[in-house]
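Reader: I have a protein model open on my screen. How do I read it, one feature at a time?

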Amino acid sequence: MLRSGYEAAAKHFVASDLDVDVSGRSFIITGANSGIGKATALEIAKRGGTVHLVCRNKDRADEARTHIVEQSKNENVHVHIADMSNPRGLWEFADSFSQNHSVHVLINNAGCMVNQREVTEDGLEKNFATNTLGTFILTTALIPVLKKSQDPRVITVSSGGMLVQKLSLDDLQFEKGTFDGTMAYAQNKRQQVIMTEVWARQHKEIHFSSMHPGWADTPAVQSSMPDFHARMKHKLRTEAQGADTVVWLSISDAALKHPSGLFFQDRTPVATHLPLAFTRSCSSEEDELMTTLEKLSTGFKPHLTSGV
């Protein structure tokens, strides 16, 4: 999962998988102003794709756009401001986007790991609001417009950290006991993998996947896991190495040869549970998660013109 793991896996990559011209295809990438999101955006822009950067901070997003355009020589890079922890804002963004643009690929990359329990202005725990509910709302809202496109895909950047977590439905917003940001993040990442599996069953026209980028030297890792970063910084993957499987899932024909709903690492489907870890949930629990998220998200849904 570190750089050495990537280098070993990369010896078996098929170089031509990424030798693709994606001109005319539209990609939404959340959290695209730094780290893996920005590296993904750059690789897609280099191959001619129309890239929509969905970011919270306009100045940082504009800076990222300038860099991506300069490096890729592709002007079709657009900035949209939306906060993944703001459910109403996400519904509104998706509604507006759907009326004005097509989308072929949604990349759910934005995420956060807040180490102290924080609550948003909507009363939602911040990790859950960003990683789980935000991903659920944006994907749900864009599924209708994705279905109008040829070869639509949804890729969600999860984490191998989810392997230590079994889906827990009785405290989705971590209101009980001592708050542990790392565990909250890992639980959110387990939820993302389950959402991906359920969406794959529900929406056969779209190819869904989730993935673990490995441990990469990104601003997010530096800020949320400073001790880990200080200890491991010389062994961490580059941002481009962390982004490789995201790009591969987004553009390659090879990715589509795998069934929808799988979890990938280094371009390979991998298990979502460790042996004897007792982290499996039953389908009724997974359905309950989706029902809970649907009810919660609908409560924030404004009256929208396009009916997403």
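Author: Start with strand 2. Strand 2 is mostly covered, with 6 of its 6 residues buried. Buried means under 20% relative accessible area, exposed means over 50%, and partly exposed lies in between (1.4 Å probe, protein chains only). Helices (H or I, at least four residues) and strands (E, at least two) are DSSP runs, numbered from the N terminus.

Author: Some ground rules. This is a predicted model, in which local features need pLDDT of at least 70, side-chain atom pairs count only at pLDDT 80 or more, and totals for chains, interfaces and linings use all residues. Residues are numbered from 1 along each chain as its sequence is written, and side-chain values use heavy atoms, with hydrogens and water left out.

Reader: Which residues of strand 2 point one way, and which the other way?

Author: The general idea comes first. In a regular strand, side chains alternate between the two faces of the sheet. Now the case here. T50, H52 and V54 point one way from strand 2, while V51, L53 and C55 point the other way. All of them are buried.

Reader: What is the order of the strands in the sheet?

Author: Pairing has a rule: two strands pair if DSSP finds at least two bridges between them. Here, 8 strands form an open sheet with mixed pairing, in the order 3-2-1-4-5-6-7-8. Strand 3 (77–81) and strand 8 (268–269) stand at the edges. Each has a single partner strand, so one side of each is left without a neighbour in the sheet.

Reader: How many bridges join strand 1 to strand 2?

Author: There are 5 bridges, and the two strands run parallel. F27 has V51 as its bridge partner in strand 2. Between the two strands, the chain passes through helix 2, and this β-α-β crossover is right-handed. Right-handed has a test: with the strands pointing away from the viewer, the path from the first strand over the helix to the second runs clockwise.

Reader: And what about strand 2 and strand 3?

Author: Strand 2 (residues 50–55) pairs with strand 3 in the parallel sense, over 5 bridges. V51 stands opposite V77 in strand 3. Strand 2, helix 3 and strand 3 make a right-handed β-α-β unit.

Reader: Which strands does helix 2 lie across?

Author: Helix 2 (residues 35–46) lies across strand 1, strand 2, strand 3 and strand 4 (105–108). The helix runs at about 165° to strand 1. Such angles run from 0 to 180 degrees between N-to-C directions; axes are lines fitted to C-alpha atoms, for helices over the stretch in contact. Helix 5 (residues 126–146) also packs on the sheet. Helix 5 touches strand 1, strand 4, strand 5 (153–157) and strand 6 (207–211), and its direction makes about 175° with that of strand 4. Contact means heavy atoms within 4.5 Å.

Reader: How do I describe two helices that pack together?

Author: Two packed helices are described by the angle between their axes and the distance between the axes. Take helix 2 and helix 3 (residues 58–72): their axes come within 9 Å and cross at roughly 35°. K38, A41, L42, A45 and K46 in helix 2 meet A64, H67, I68, Q71 and S72 in helix 3. The residues of this contact divide into 5 nonpolar, 3 polar and 2 charged. Ala, Val, Leu, Ile, Met, Phe, Trp, Tyr, Cys and Pro count as nonpolar, Asp, Glu, Lys and Arg as charged, and the others, Gly among them, as polar.

Reader: Now the loops. Is G24 buried or exposed?

Author: G24 counts as exposed because its relative accessibility is 62%. G24 sits in the loop between helix 1 (3–10) and strand 1 (26–30). Not counting residues up to four places away in sequence, G24 touches G48 and H104.

Reader: Which residues is S281 in contact with?

Author: Leaving aside neighbours within four places in sequence, S281 is in contact with K166, L167, I194 and E286. S281 and I194 are 87 residues apart in sequence, yet 9.3 Å apart in space, C-alpha to C-alpha. S281 lies in the loop between strand 8 and helix 10. With a relative accessible area of 16%, S281 is buried.
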